[in-house]
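Please open the model in your viewer and keep the selection tool at hand. The tour goes from one selection to the next and says what is there at each stop.

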Amino acid sequence: MAVSNIRYGAGVTKEVGMDLQNMGAKNVCLMTDKNLSQLPPVQMVMDSLVKNGINFKVYNNVRVEPTDRSFMEAIEFVKKRAFDAYVAVGGGSTMDTCKAANLYASSPHSDFLDYVNAPIGKGKPVSVPLKPLIAVPTTSGTGSETTGVAIFDYEPLKVKTGIASRAIKPTLGLIDPLHTLHMPDRVVANSGFDVLCHALESYTALPYHMRSPCPSNPITRPAYQGSNPISDIWAVHALRIVAKYLKRAVRNPDDLEARSNMHLASAFAGIGFGNAGVHLCHGMSYPISGLVKTYKAKDYNVDHPLVPHGLSVVLTSPAVFTFTAQMSPERHLETAEILGADTRTARIPDAGPILADTLRKFLFDLDVDDGLAAIGYSKADIPALVKGTLPQVNIAHAALPLMTSNPKPRQLPRPSHQTPDPLGAGAEAGPHPRHHHHNGLQEVVSGDGLHFEWAEIAS
Ligand SMILES: [Fe+2]
């Protein structure tokens, strides 16, 4: 397990100046976005820096849903100024941009793609020392304050990719629940959806002992190790908090108890998925947000079309878990129960549809957009969405439970009830199949990468 140091509590932001002083920092970069630079969390950080005599410069040009270009702008800014520490105040976009800036300023002769995940980048391990980075999250979704992952849109290919290395995880995360009170309700909902999927995906990811081959050197062990007994604890606990508090946090801006708990759940789920990994909801979300046409999410003050990350992951979740349940049906039932389903008489083969139904109900209660059609996609977009998903198999999301290579795929007829339709992911529940095959069959991506076939699980 790798995780940042974490400090939690109302008002801990005030200590950031002292922390930097204790680290011996003399020249600090405060990174944020334009919106937030006018809001209390940034003001609180600046007050603490001034009070403790810390020299700092503000970079407030972080892009919400960052791109390779916006990362490079931040990198150029920091490279010129020899900062000896960083403070990132914001959501995942800000924390991720700051991680990348710290990395490339510490490795000034590297090309941008050197550390980017393969196959888009070279995926080189990080062996240079980085400067301290303190992350102050202001949303409750990404858990980026705990992880060594930085995600961005790679514009030349219109796909999301990232940098994943334990070396870039923040030195310290200051989790201050007071910052959650400024969030509009859709931001709370969408970031909560991200927590929900982090927890569900990491708990149902391929178990660590089923991954192969074993890296020949620990430095090449990926950050995402597959589900394991330690990350499971964090994932399940985060899910329980989501079940108990997300609706309250969305509906009542003043519900400090609910918003505080969601702020913690974001970090807990981050610890879980930052070590276990995520799978299909995240893998498919990247083209969903990357290929956005005109959709502009409510409550987001940005000048470009935007499908917020949490929304882009959750829309496919009913279809994804219908599909993945055959791999670990007990875990799918367990999570459905945590989210409110009565599973006392449930049959194991129905685990997928039960979790999918439970998710649909949970999401409708939170006024989620009604499937991919509601955010501007039609059936004609499916080939492009599939094409944008496939590179993710090899990138940050190596913990896929079902999409795996098999030396001798055996073609079998596709069961007619196994046709998850992502366009209907958020749509009302139709009649569900009640007789899933549960006979050790596994789907694999075929050579052309565009259609699925069935093969036997090797183990
Ligand atoms: Fe996420």
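Helices (H or I, at least four residues) and strands (E, at least two) are DSSP runs, numbered from the N terminus. This is a predicted model, in which local features need pLDDT of at least 70 and side-chain atom pairs count only at pLDDT 80 or more, while totals for chains, interfaces and linings use all residues. Residues are numbered from 1 along each chain as its sequence is written, and side-chain values use heavy atoms, with hydrogens and water left out.

Now colour Pro 41, Val 42, Val 45, Met 46, Ser 48 and Leu 49, which are the buried residues of helix 2; buried means under 20% relative accessible area, exposed over 50%, and partly exposed in between, with a 1.4 Å probe and protein chains only. If you look down the axis of helix 2, these buried residues fall within an arc of 160°, so they line one face of the helix; the arc is that of the directions from the helix axis to the C-beta atoms. On the other side of helix 2, you will find Val 50 and Lys 51 exposed.

Next, select the iron ion, which is coordinated at 2.1 to 2.2 Å by Asp 194 (OD), His 198 (NE2), His 282 (NE2) and His 309 (NE2). Donors are N, O and S atoms within 2.8 Å of the metal (3.2 Å for Na, K and Ca), and sites may look incomplete because water is not among the atoms. Two of these residues link distant parts of the chain, since His 282 lies in helix 8 (residues 280-290) and His 309 in helix 9 (residues 309-314), 27 residues apart. Both His 282 and His 309 are buried.

Finish with helix 12, residues 351-365, which has 15 residues and reaches 21 Å from its first C-alpha to its last. Eleven of the 15 residues of helix 12 are buried, among them Ile 354, Leu 355, Leu 359 and Phe 362. Show helix 5 (185-204), helix 6 (229-251), helix 9, helix 10 (317-324) and helix 11 (329-338) to see what the buried residues of helix 12 pack against.

Key:
Expected span 1.5 Å × (residues − 1). Contact = heavy atoms within 4.5 Å.
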